[in-house]
Amino acid sequence: TPSNQPVAGEYLLTLKLGVPEDAQTLADLRRDLGNLPVVALSSLGHRLYLVKIHPDPGLKAILGTLSNSSLVTSIQENRHYGINPPDRRVLY
């Protein structure tokens with residue numbers, strides 16, 4: 001069965017149009033995340049970044065921290081969706 005529960009401490013950040021996906025942007029994102037306990041930050045491509053924070057301060061705290069960011073257009077919880085395995089039939 002699929003699960004769409006948010007993963008504790010994982011958030012997806014979407015960059016504003018025109019912001020390059022490079023090392024400088026990664027450094028600037030870390031700076032904008034300020035004093036949050038970031039344990040990982042990585043690009044997923046297509047203007048999307050995954051940030052892992054532990055302990056998890058919650059979405060509201062992250063929204064507040066990034067509210068003045070010139071880089072980020074949206075923030076959301078990361079959710080892992082279950083995938084139903086394909087229906088396999090073996091024909092002899």
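Which residues does Ile75 touch, not counting residues up to four places away in sequence? They are Tyr11, Leu12, Leu13, Leu59, Ile62, Leu63 and Leu66, where contact means heavy atoms within 4.5 Å. The views below concern a predicted model, in which local features need pLDDT of at least 70 and side-chain atom pairs count only at pLDDT 80 or more, whereas totals for chains, interfaces and linings use all residues. Residues are numbered from 1 along each chain as its sequence is written, and side-chain values use heavy atoms, with hydrogens and water left out.

**View 1**
Ile75 is found in strand S4; helices (H or I, at least four residues) and strands (E, at least two) are DSSP runs, numbered from the N terminus. With a relative accessibility of 16%, Ile75 counts as buried. Here buried means under 20% relative accessible area, exposed means over 50%, and partly exposed lies in between (1.4 Å probe, protein chains only). The C-alpha atoms of Ile75 and Leu59 are 8.1 Å apart in space, although 16 residues separate the two in sequence. Ile62, which touches Ile75, is also in contact with Tyr11, Leu36, Ile53 and Pro57, leaving aside its neighbours within four places in sequence.

**View 1. The largest nonpolar core.**
A nonpolar core is a set of buried Ala, Val, Leu, Ile, Met, Phe, Trp, Tyr and Cys residues joined through side-chain atoms within 4.5 Å. The largest such core has 16 residues, and those that touch the most other members are Leu13, Leu29, Leu41, Val51, Ile62 and Ile75. At least two residues of this core come from each of strand S1 (6-15), strand S3 (48-53) and strand S4 (72-79).

Four strands form an open sheet with antiparallel pairing, in the order S2-S3-S1-S4; two strands pair if DSSP finds at least two bridges between them. S2 and S4 stand at the edges with a single partner strand each, so one side of each is left without a neighbour in the sheet. On average, neighbouring strands of this sheet are turned by 25° against each other, direction ignored. Axes are lines fitted to C-alpha atoms, for helices over the stretch in contact, and angles run from 0 to 180 degrees between N-to-C directions. The antiparallel pairing of S1 and S4 extends over six bridges, and Leu13 has Ile75 as its bridge partner in S4. Helix H1 packs on the sheet and touches S1, S2, S3 and S4, its direction making about 140° with that of S2.

**View 2. Thr25 in helix H1.**
Thr25 is located in helix H1 and, at 4% relative accessibility, counts as buried. A polar atom of the Thr25 side chain lies 2.6 Å from the backbone oxygen of Pro20. Not counting residues up to four places away in sequence, Thr25 touches Leu15, Val19, Pro20, Tyr49 and Leu71.

**View 3. The salt bridges.**
Side chains of opposite charge can pair when their charged atoms come close. A salt bridge is a side-chain nitrogen of Lys or Arg within 4 Å of a carboxyl oxygen of Asp or Glu, and the structure holds four of them. In one, the closest N and O atoms of Arg31 and Asp28 are 3.3 Å apart. Because Arg31 and Asp28 are three residues apart in helix H1 (residues 23-32), about one helical turn separates them. Arg31 is exposed, with a relative accessible area of 52%, while Asp28 is buried at 17%. Arg31 also forms a salt bridge with Asp32, the closest N and O atoms being 2.8 Å apart; Asp32 counts as buried at 16% relative accessibility. In another salt bridge, Glu77 and Arg79 bring their closest N and O atoms to 3.2 Å. Glu77 is partly exposed, with a relative accessible area of 27%, and Arg79 is partly exposed at 32%.

**View 4. His46 in the loop between S2 and S3.**
His46 lies in the loop between strand S2 (38-45) and S3. With 79% relative accessibility, His46 counts as exposed. His46 and Leu15 are 31 residues apart in sequence, and their C-alpha atoms are 8.8 Å apart in space.

Key. Polar contact = N/O pair within 3.5 Å; in protein donor to acceptor, adjacent residues only side chain to side chain.
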